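Open the model in your viewer and keep the selection tool ready.

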Amino acid sequence: MENNYHAQTGISVLKELNVNIKIGLTQKEAQERQEKYGLNALTPPKGKSAWLRFFLQIHQPLIYVLILSATIALSLGEYVESGVIYGVVLGNAIMGFVQEDKALKALSSLSKNIPMMTTVLRDGQSVVVASQDIVPGDIVLLHSGDKVPADMRLLEVHDLKINESVLTGESLPVEKHTEKLPEKTLLGDKINMAFASTLAVFGSATGVVVSTGDNTEIGKISQMIAAAEDIKTPLTEKVEIFSSKLLWLIVFLSVLAFGVGVYKGLPIVDTFMAGVAMAVAAIPEGLPAAMTIILAIGVNRMLKHKAIIRKLPAVETLGSSTVICSDKTGTLTENKMTVQNVFCGGINYEISGSGYQLEGDFSPEEPTNKVLATCLKTGILCNDANLWDNSGAFSPSGDPTEIALLVSASKYGIIPSQLREKVCCVDTIPFEAVYQYMACLYDDKVIYMKGSIEAILPLCEKQMAKDGKLEPLDKKEIQKQADIYAKQGLRVLCFCIKPDFKEKTLRHNDVKSDMIFVGLQAMIDPARPEAIKAIATCHTAGISVKMITGDHLLTAVAIAQKMGFTKDGTEPKAINGKELSNMSDKELLKIAPDTDVFARVSPEDKLRLVKALQSKGNIVAMTGDGVNDAPALKQANIGIAMGENGTDVAKEASDVVLLDDNFASIEKAIREGRGVLDNLIKFILWTLPISFAEAFVVMLAIFFGWKLPITPVQILWINMVTTILLGAMFSFEPIEKGIMKRAPRQPQAPLLSKSVVIRMVSVCSIMTLLVFVVFNAMMKEGYSLSQAQTTVVNLLVMMGIVNMFACKSVTRSTIFSGLFNNKWMLWGALGMILLQILFTYTSIFNFCFKTSFIGLKAWGIIGIACLLMLLWIEIEKTILRLKIK
């Protein structure tokens with residue numbers, strides 16, 4: 001159905017939908033329309049089956065090579081080798097599946113945003129029906145506290161205010177009316193409409209349903225979420241590229257080894273098993289498990305910083321982020337209106353404290369100031385909000401603006417409940433958008449009134465001075481101060497009174513003249529102090545922060561400047577939603593990188609912004625809490641939802657959920673993310689030299705027709721056990737100092753830097769050389785093949801222990817790289833040594849892995865070889881340090 005009902009009169013909409021406002025639809029008409037339009041429910045998204053998700057765990061080229069090798073080995077009767085390989089593959093798949101199953105949930109919670117029951121007119125009677133049975137044309141009776149069940153054109157409004165923050169990001173409730181609007185009105189400005197899933201916080205209304213289910217605004221957002229692509233993280237992309245190159249190298253070397261063996265006339269079965277050994281050696285089968293362990297431990301670390309990671313690779317992606325697009329309401333701000341300034345008697349008073357906390361001070365302090373007390377008193381008496389519930393517990397309820405007025409008075413020492421007990425309201429003029437004010441008559445014969453300065457100031461003829469006496473009204477001074485507040489992004493309310501009012505009823509004509517101005521109160525949804533610090537840290541870390549909000553441009557710019565969105569403190573560059581909507585994608589690409597604030601932005605444009613930034617090569621993190629944020633959260637490389645005030649929709653579309661809704665937690669999470677990436681690279685720097693040393697040992701043995709120094713099953717033992725007891729210990733490496741002073745990793749940069757690759761080649765070379773030297777020495781000394789192979793296994797494990805400590809730093813000496821700052825490495829090394837003793841000296845291990853006992857002489861040779869490798873690494877590190885200098 002066309003969504004132009006806001007541009008029509010109420011009568012026109014009723015006529016188009018063929019319904020009478022006094023009667024509503026008949027039961028028969030409702031049934032017919034339900035058959036035509038369907039239930040008022042959102043189409044649930046399609047999810048992947050458990051079997052598919054499990055299969056995707058092994059859907060990796062390297063794993064396929066392992067499975068193929070194991071299958072052929074099984075057909076050749078090599079049951080132990082094939083069984084071990086299958087076990088490794090299955091173990092990795094189960095580990096990944098369990099973690100993903102905990103993290104991934106279907107986006108079915110979208111349907112929960114439609115309330116269960118709704119009051120409608122059917123056959124002229126007010127009835128309560130299930131919200132899913134509502135159809136276009138239903139007349140809905142809306143009251144304060146109700147969730148709007150479907151998109152509606154408002155027909156009759158009685159002081160209705162609706163909180164649309166989940167849809168538009170606007171923090172303040174929107175005052176509604178029934179007049180028609182221009183056709184090109186933005187979503188957040190359609191104040192004659194009520195949208196599904198928003199909340200009526202004040203007043204009542206009657207409206208006609210114009211859209212249901214997937215045709216509502218929230219339904220369109222749901223479809224955008226489903227259509228948004230799942231973006232690969234930098235880590236998964238780089239690992240895929242790395243794995244692809246590694247795969248071709250492994251296949252080439254394995255085929256080459258097999259071909260050479262056949263050419264030399266070696267038995268085909270033995271040659272094939274040697275090729276399998278080559279593949280098993282070169283494939284870092286422990287890499288998926290180690291990645292899972294390192295990322296999972298990173299998840300636990302982030303949980304301590306109030307961040308829940310829903311998808312494991314998101315841990316690393318946070319550390320790679322180059323741009324953070326942050327929603328304003330509730331993310332950068334507290335989502336609690338706070339009066340910061342009061343102007344009365346010619347004096348500007350500043351008020352400390354934030355949110356709904358009652359602690360705060362007025363500066364300058366003037367406890368006997370009559371006009372200040374009157375201004376604050378007016379804010380209490382012309383007010384429908386409450387700070388305490390019926391049981392006496394502190395529980396603010398009502399319009400956030402009115403709650404803020406009660407809090408400001410409480411800070412001055414005026415207790416709202418006590419004041420309200422002393423006087424009784426006789427009559428009220430409710431707030432209406434057309435008048436822009438609210439007035440209350442009390443039994444003390446005083447009219448108390450508040451509203452916009454444009455509405456109140458023309459009604460005043462005098463103003464109250466500091467001592468309570470009346471003086472001529474200085475409109476210029478008052479307007480000047482109001483403009484100053486507005487430029488600071490503050491919302492300004494004006495207050496006035498009329499004493500000695502004789503009537504017992506109150507009409508609009510009674511407040512059109514002779515009012516006495518008593519002051520201004522200026523308020524704002526305050527920025528989180530810790531978020532300001534976090535933004536500064538992000539700038540230091542080379543991360544750009546942008547505000548994307550549904551709020552007004554002036555307010556957004558003022559808050560952004562206060563929070564330091566620009567490094568030099570200048571006014572942030574900003575653009576509003578109307579300008580953004582009129583821009584082509586090409587124009588958006590030009591302005592997006594340099595713009596700091598995007599205000600009054602629609603969900604569609606949020607999505608466009610994220611895509612525009614990504615097209616520039618950025619790794620985009622998007623924070624948000626509302627339904628309107630969900631499509632962009634899913635599109636972003638890393639979506640960060642708010643846990644306390646965030647909608648289920650936003651949480652399900654995100655990769656990370658912040659439990660405390662605190663932007664400052666993002667800075668800590670980014671720090672952890674960078675630490676995780678560092679540790680992952682250290683792990684790869686450690687594991688690949690061992691894997692390729694094993695592979696080259698097998699390949700060279702085939703080329704020269706030697707006995708294999710190590711068997712496929714022994715290689716698997718080394719790779720898997722050392723990964724768990726040694727490699728996984730990199731997960732506990734402390735975060736290096738100055739990590740948040742680095743620039744983000746370039747998205748195009750390879751996973752491994754040039755210096756890391758050189759280091760791996762160097763260590764792999766010395767390992768390969770030492771293995772052949774030791775193996776040949778053992779064979780010449782008359783040791784059996786089994787004893788020589790057992791010595792090689794232990795040599796590779798012990799070199800792995802030495803290299804683990806050496807990999808704590810690429811350039812710093814192993815001795816000075818904090819040998820004892822990771823106790824888990826020490827325990828891992830000890831555990832590995834004990835396990836190798838069992839591997840060497842117990843019959844069960846001797847049977848499964850074809851090993852034998854070795855003596856002290858062999859252990860002495862292993863020790864000398866490890867010392868030589870350590871010396872080699874230290875020389876290589878020294879050369880690298882000299883090059884850097």
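A cavity is a set of grid points where a 1.4 Å probe fits but cannot get out, and its lining residues have an atom within 4 Å of a point. Keep in mind that this is a predicted model.

**Stop 1: the second largest cavity.** Select Phe343, Cys344, Gly345, Gly346, Gln463, Met464, Glu477, Ile478 and Phe517; these line the second largest cavity. Now colour by element. Two or more lining residues come from each of β10 (338-344), β18 (460-464) and α16 (475-487). The volume of this cavity is about 40 Å³. Its lining divides into 5 nonpolar, 3 polar and 1 charged residues.

**Stop 2: the largest cavity.** Move to Leu187, Gly188, Arg600, Val601 and Ser602. Among the 11 lining residues of the largest cavity, these lie nearest its centre. The space inside is about 100 Å³. Which classes make up the lining of the largest cavity? Count 5 nonpolar, 4 polar and 2 charged residues. Zoom out again: the structure holds 3 cavities of 30 Å³ or more.

Stop 3: Select Cys538. Is Cys538 buried or exposed? Cys538 counts as buried because its relative accessibility is 0%, and the cut-off for buried is under 20%. Go on to Cys807. With a relative accessible area of 1%, Cys807 is buried too.

**Last stop: sulfur pairs.** Show the cysteine sulfur atoms across the model. How many disulfides does a search of the whole structure find? The search finds 0. A pair would need its sulfur atoms within 2.5 Å to count.

Notes:
Residues numbered from 1 in each chain as written. Predicted model: local features only at pLDDT ≥ 70, side-chain atom pairs only at ≥ 80, totals over all residues. Heavy atoms only, no water. Buried < 20%, exposed > 50% of the residue type's maximum accessible area, 1.4 Å probe, protein only. 1 Å grid on protein atoms, 1.4 Å probe; cavity = no way out; pocket = protein on both sides within 12 Å on 5 of 7 lines; lining within 4 Å. Points joined across faces, edges and corners; volume = space filled by probe spheres on them. Nonpolar A, V, L, I, M, F, W, Y, C, P; charged D, E, K, R; others polar. Helix = DSSP H or I, 4+ residues; strand = E, 2+ residues; numbered from the N terminus.
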